[in-house]
Amino acid sequence: MNRLVPKLNNKLKEVNVKFILTVDDDLFHSKLTEEARESIINVGRVDISKCPQLYYESDALFLPTLLECSTANYPEAMKMERPILTSNLSFATKVCEDAAYYFDPMDVDDIVDKLVFFINSQELRTELVMNGKKQLNTFFTSEQRANKYLKICELISKK
């Protein structure tokens, strides 16, 4: 964020972009520059019951990440009808498919370019939301996932 915010602000002079973070205050203040903090609203840890409201108050899910072994962020954003911008890595593309707009998480210029295009394209944002609604229908229910885990355990126990 320390390198991203100045570049984004330089390209979007007439648009005031605010990012919402959910990190502890110590981390927020120790790792971010003053300029970056001015473009961020840090709400700290969020109780799960308050997540829908947080999505509702946000325009999109922006999730730059290098490793996710399991995240609810993508389906949550889809359920809350929020477009997704995230890392162009296999775990994200497998879950989101065409319901997200992807960037190289190691290339600040690519992230900025993608954010600028995203902000200026209502058509893209609408398409991502529509694709997210469709993508939600491809996910297993919690009962289906539990049954799959039980079958795996059964197979292992028989060996």
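Predicted model: local features only at pLDDT ≥ 70, side-chain atom pairs only at ≥ 80, totals over all residues.
## Cysteines

With a disulfide taken as a pair of cysteine sulfur atoms within 2.5 Å, the count for this model comes to 0 disulfides. Cys51 takes part in no disulfide, and the cysteine sulfur nearest to Cys51, which belongs to Cys96, is 17 Å away.

Because buried means under 20% relative accessible area, Cys51 counts as buried at 18% relative accessibility, and Cys96, at 0% relative accessibility, counts as buried too.

## Packing of α7 and α8

Helix α7, spanning residues 108-120, packs with helix α8, spanning residues 122-136, at an angle of about 90 degrees, and their axes are 5 Å apart. Since angles of 65 to 115 degrees count as roughly perpendicular, α7 and α8 are described as roughly perpendicular to each other.

On the α7 side, the residues that meet α8 are Phe117, Phe118, Ile119 and Asn120, while α8 contributes Gln122, Leu124, Arg125 and Leu128. By residue class, the contact of α7 with α8 divides into 5 nonpolar, 2 polar and 1 charged.

## Ser58 in its loop

Ser58 is found in the loop between α4, which covers 51-56, and β3, which covers 61-63. Although Ser58 is a loop residue, Ser58 counts as buried, with a relative accessibility of 15%.

When the neighbours of Ser58 within four places in sequence are left aside, Ser58 is in contact with Ile20 and Arg82.

Methods: Residues numbered from 1 in each chain as written. Heavy atoms only, no water. Buried < 20%, exposed > 50% of the residue type's maximum accessible area, 1.4 Å probe, protein only. Axes fitted to C-alpha atoms, helices over the stretch in contact; angles between N-to-C directions. Helix = DSSP H or I, 4+ residues; strand = E, 2+ residues; numbered from the N terminus. Parallel < 35°, antiparallel > 145°, perpendicular 65-115°, else oblique. Contact = heavy atoms within 4.5 Å. Nonpolar A, V, L, I, M, F, W, Y, C, P; charged D, E, K, R; others polar.
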